[in-house]
Structure formats: structure tokens, C-alpha cells
Amino acid sequence: MDQVPGEPVRDLEPGTGTGTDSEFDAGPLQRAVRALTGEVAALQAARADRRLRDLATGILVAQLGVSPAEAAEHLGRLASGTGMSVSDVAADIVNATAGASAAAAPAPPSPATRRLRRTDAAVGAAEAAGQAAAALLEGGLGPLGVREVWLWRRTATDCLQLAAQTGGSPLQAVHWQWLPAHLAGALRTACDEGAPGWFPAGPPPGEPLPGPGTDAGRAVLPLRHHGTVVGVLLAVWPGPVSFDPTLRRALEALSDTAARVLDAAPDPAAADTAGASPPLAAVLETLTAAALLLHRPGAAADWHIAHANPVAQRLLAGVPDPVGRPLAEVLPEHCADLERLIARALADAAPREAARIAGGGTGSGAGGLTDVRALPVGPDRSVLLWRTADDPDRLLRRVLDRLDQLALFEEDLVSGAVRWSERAYAVVGMAPDAPALPLRELLSRVHPDDKEVLAELLDDLTIRQEGAHALVRLVRGDGGTRYVRISAEPLVRAAATVAVTGVFQDVSARYLTELALGATYDQLTVVEAQAAARHEVVRQLQRAIVPEVPASLELPGLLAAARYRPAAQEYRVGGDWYEVLPLADGRVMVAVGDIAGHGVEAATAMVALRNTLRGLAFTGAGPGRLMAWLNEVSMALRNPTATAACALYEPEERLLRWSSAGHLPLILLREGRARILETPGDILLGALPSVEYTETVTALRPGDVLVLYTDGLVERRHSSLDDGMAQLMRSLEPLADAGLERIADRLLAEARGNTDDDTSLVLVRVVQEGA
């Protein structure tokens, strides 16, 4: 067995995963099995074709009074003379028995009637009801757009018993297995009244029917034998359908053929897959991994495939009809190792897994099997799950695992199984052969000040059942401390979190350079009483400097309104600020800013920058120069980094001169349409010395509304800033004619943030002089 470097076969005993002890050459055996199964499929098709020819030969014997051999020769001469195939001529002869003479040349080809006759022959040649239903769908109903076929047999007690279905859900088949005589609905109506039911856009309200959705088109047809209704056919389309007269006639013509399906023998695997298997099969249908449900008639019997989910069917496309076949026929290269894995799972009454089971040849439809799992579901049933080496999900995991300091983890909360990628052991600081730890057990390795942060992450995943992330310090076995970001998403089923998938990211190397962190973990060691008093002082100072609901301001050529909303958590004092200031030269300065981080440092930095800008504005300098000075002040005072946008409005020319230091773009609302003013990519304040800031000039018109804001208005968890800004513009446009006070209140009410960040908002409207 080929071995992939770095992927040892886990949980298989030595010698069991190599396949070298098999008594056969896996490559030739697989090719032989595939050839034989293909031959069987061809024989089944030939059998249906032969049945059609025999019917035509019998008709010629009766009409011409010749021997069967002479009738067969005559059939061949007709085909040769018309240039048609013998099967097409035979279909025309059978269709013509209602009136036309078969001794003459057949009528011009009729694809619909030939398809009907071939479908009838295929149904008659089927050995089981399931095969007959599949032949009916493939040859007759499928070309009409039908995707599911359901047939019920009318019993002696006037009940309806599901005889066959193809294309539908196994779980639905369990629900619709038996319909009592007193149960009303479209199926009972067709059975009792003998009239078809046409439902172009789904069944009537209160009368459910099997199918993919409520709006899928359905046709319910009574099935007759010697004038008596013996069953019901349900044809289901993938969506709405128009039942024109041609389609109705075609469906009704196929109902006689469908009635013959009821005479076919029950499916041989039906008894073996009854009971708990259909619900289990329905669960397997939802998996993204390949899955087989296996059953074994006896302790010494071979394992047979009872169900294959869509992923497995795609991977096993080289084997016709894998359901019902022995496992050795479908996966001959892997069968020996798989049976040993299943035997261990049954013996231990617990799931067993192998990292990889390789195939013996390059032509294998399934290829090498990876992440193989055997789950016992009873003494004679087992589930096999696997992925392939070229599985996109697996390839994506490998790509992610190669990213710098990024590692994947999975945790099954039901079974307790935990899986880490190789890099995860290095991030956490554990030996590669150590057992992976669940998130809850990492609490013992987290810095004492961060245990509550990790506990909150666990509550988000398991109680609130939402994705979350957290930054914690992990204390490694060697005494070192690493800053690790944990991001995870829960898998929720039946209102319970059953699994967690996520990543560990070691951010230690760049933690100290992250501009958004305003307070360090050392500051969190301050006693609670001192911190509470300190924050209360700052909050009072902040309210004094930035009033929460200021009155509207009348300025030269402008009306202005501003709002400030503090952070959701009272103790998180922020650094947002705004300024609306008329200057002595007739201009008006409008500015907003956001200091990185929260707490005393952010609040004091906000006071320093805001007051500095107020004083510098009276120098008469432009906004670009003001931003450059403000940056130098921030560098000299060693304040936290900050973003800011500063605009100077000249009322006589209605010109807006503005600059941005890494701040969110301004929004202009004009004539009911909101648009973003393109922002130069200038760096934020306090990052680098001697920075020159771009100055942009925008001409304004009477009625224009300019919006300046901080990220608390548009930032959302699990959403991008682009999405938040798009929502802000959609909220603005219906308010174009409203007053500024109403616009400000509506924007704050609709843009309720969930990032525990404060928000500043400034609105200015250009007014006509003298208005």
C-alpha cells in the first residue's frame, strides 16, 4: 500500500493497512469486476430490446401467417429497406397493431411512440419493482422533465401501499409507505374517482405529497388493469410545470406501462434495508463525505451495499448500480482493509478509523481512501465514511494549514473525538504524539486573566450557538507565553451544538504592532475598585467634552446635527470624538476621529487631539496641513494611534476641502442618492512622523447632506465594513427630504452595532443663502 509522507496509517494494526497480504492482484480484479458489471448492464438493455423484437415478430407471425423464422427475416428486410434500426421498426410494428397492416412498410418514425414502446419493453424485462420504476423514469417520464416517480399498489383492504419509488428521498419513502383507506388527499381522490390530478405549482393546501418542495409540479394518475384502478402513480418535477394537452396525453399514455410495475417482484434488498435503514440513509444523504450503509444477511456472509449517498455514487460512477452489490465488487482494491476495519468496530462496539487506505491501481474510481471511518449500527449493519485524496474540502484544509501560524481543529461534542492538524501541536506547545485536547481542557493552559475570555467563547459556541473568536494567552510547557487567536463555528443539530470547527492562530509575533490594541494585558491587573473609579471619572469627562445629544447648529451656509452614542458596555470608555466649529474667516470646520482602544489612555488622547485641532484650525491652514500637524502632535505625545477626517467648508463658493487620516470615507447624499467620496489612502495619526496628507476639494450644492461617522455606526460582527456601509447608504436614501435631527435619530436607531464600540455621527446640510 502506497504511503503518503506525513500521513501514517492510524488506528490500523501493523500489516492490516497495506493490502500486501491479499491473495489477488487488485488491479486486474478491479478491471475484471468492472468489465463484468458493464456486461451485465448491457445484457439487461439487450434483454429489453429482445423483448420488443419478439413482440414484433409475434405480430408478423399472426398477420402474415408465416413461421417465426420467416417473420424475423421479414422484420430485418423492413429495417434494411427503410434505413431504420430493427428496434425502431419493431416499435412501429407494435404501435401499429391497433389498425395498420404490419406487412406494409412502417409509418414514418415517431420518437414519442417508439420511446413509449421501448419503455414498456424495459419495464417488462425488469426483475424487480425498483428496476421497473427506474426504467419508467429513465425511458418514459425522464424525457418529460420528471425527476421522481412514486407508485402505490391498491390492496384488498382499499389501502395504498408503496410499491416502488425512484429519485425521491429515502426518509420520505418511510413516511409514505402505507396510506390507510380513510386518509383523504390527492392520492385517495385519484384512486377512488379514477381521474388524474394536475398540480402545476405544488399540491393543494392541506394535501401534502412527496417531492422536493411545495412549489414543485406534480401529476397524480390512476393506474388501471382491465378497467379497475389498481394503484396510483405520482410524477414529480423539480419545479413548477405547465400541463399542456400534449404533456397530459403523454403522461396518461405511460400510465398503462406504469401499471405493469405493480406486477414486478419486490426489490430483493427491501427486506434487508427496512426498519432503521431509511432514516439512517436520509442522514447519510446530508453528509459531504462519501458514505455507504452496509448490511450482512448472516455472520459468515459478505457485506452488501444497502445505500450510497450522492458523494459515494459520484466516486463510484464506474460501477453500475452499486446498491445491492457486495462490497468486494464495488471496492475490490480496498475491501480487505475495509472489512478488517469493520470487524474491529463491531468487536469493540465503537467507531474505528484509519487515516488512509490506498487503492491498488490508478484506474480506481474511488482512488485512495482517506479519513476512513467504520461505525457499527447493529450486529448486521455498518456505515463506512471516507474522503478521497482529491477531495476539495481536504485540499482546502491543507492550504489553510500551510498559512503562517494557522492551524485547524475539529471537536465532536457527542463522541468526544478531537482532531488537530499537525501545526496545532506547535501552536499550543504540545508533542505531536500527544492526544489533542478539547477547547474546555485548554482552560488549564490559559493565562489566569484570560480564562474568562475562553469561557465566554465556549458559551458563545455551545449556549448561544453562534460563531465567535477570542484572543488568549497560552502558557506553554516550556514556560513561554503565546498570544493565540481562536476562531470557531458551531455545528447545530436538533437545537444542540454537536461539533465545533475552527482555527488556532499564533499572533504573538505581530501582537505588539497591532494598531487596534490600545490597552495591554498588564493593565488588566489593576484592582476592580480602582478601575471602576477611574472609568467613571473618564466617562464624566467624556460626556462633558462630547455631549450625547447636542442641539442642531446653524452655521454659515450650513445646518449641522451631531450625535454621540457610548459603547454598549459602560466600562468600555471609548475614544470617538467630533467637532463642528465656525471659524473667524467665515469657514466652518467639521471633523470626526477615533482613538485606537478604550479606557483612560484613549479618552485622554481624544481630549488632547480634539483640543489641539480646535486651536490649530484658527491658523487659517487647510485640512491637509491640519492633519500633518495633528500627526506630529500625536507622535510627540506618544498617544495611541487614531483615525480622523477633517473638512473645511467655504460658504461663498460652496466648496468642501477635506483630508482623511486612515478614516472611513465620507458619504454625500444628493438628490436622494447616496455615494461614497473616494478617500485617499493616507496613513492614520501617530503611526509615522513627517507625513503629508492629501487635500481633496468637493463642490457642494444646496440640499446636499454630508455624513461623517466612526466605525461604531457600520461595524458588525460576522459582517464586513463594506456591508455595513452599503446598509448605511440604503438607510440614508429614503431620508433625503427629512430634517437632520430625524435623519440622525433614524440612523442611530437602525444601525444598532454589536461590537461594543462607541459611535460619533455628524450631519451637515448645505442651505441656500438667505433661506
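1. Leaving out residues up to four places away in sequence, D158 touches A181, R188 and D192; contact means heavy atoms within 4.5 Å. D158 and A181 lie 23 residues apart in sequence, yet 5.6 Å apart in space, C-alpha to C-alpha.

2. This is a predicted model: local features need pLDDT of at least 70, and side-chain atom pairs count only at pLDDT 80 or more, while totals for chains, interfaces and linings use all residues. Residues are numbered from 1 along each chain as its sequence is written, and side-chain values use heavy atoms, with hydrogens and water left out.

3. Now the cores. The largest nonpolar core has 28 residues, and F409, W420, L439, L454, I486 and F504 touch the most other members. A nonpolar core is a set of buried Ala, Val, Leu, Ile, Met, Phe, Trp, Tyr and Cys residues joined through side-chain atoms within 4.5 Å. A second, separate core of 27 residues includes A591, L626, L648 and V691.

4. L454 touches L439, L442, L443, V446, V472 and I486, again not counting residues up to four places away in sequence.

5. Which residues line the second largest cavity? They are L558, V590, Y649, L656, L700, L706, V764 and V766. Here a cavity is a set of points on a 1 Å grid over the protein atoms alone where a 1.4 Å probe fits but cannot get out; lining residues have an atom within 4 Å of a point.

Note on methods:
1 Å grid on protein atoms, 1.4 Å probe; cavity = no way out; pocket = protein on both sides within 12 Å on 5 of 7 lines; lining within 4 Å. Buried < 20%, exposed > 50% of the residue type's maximum accessible area, 1.4 Å probe, protein only.
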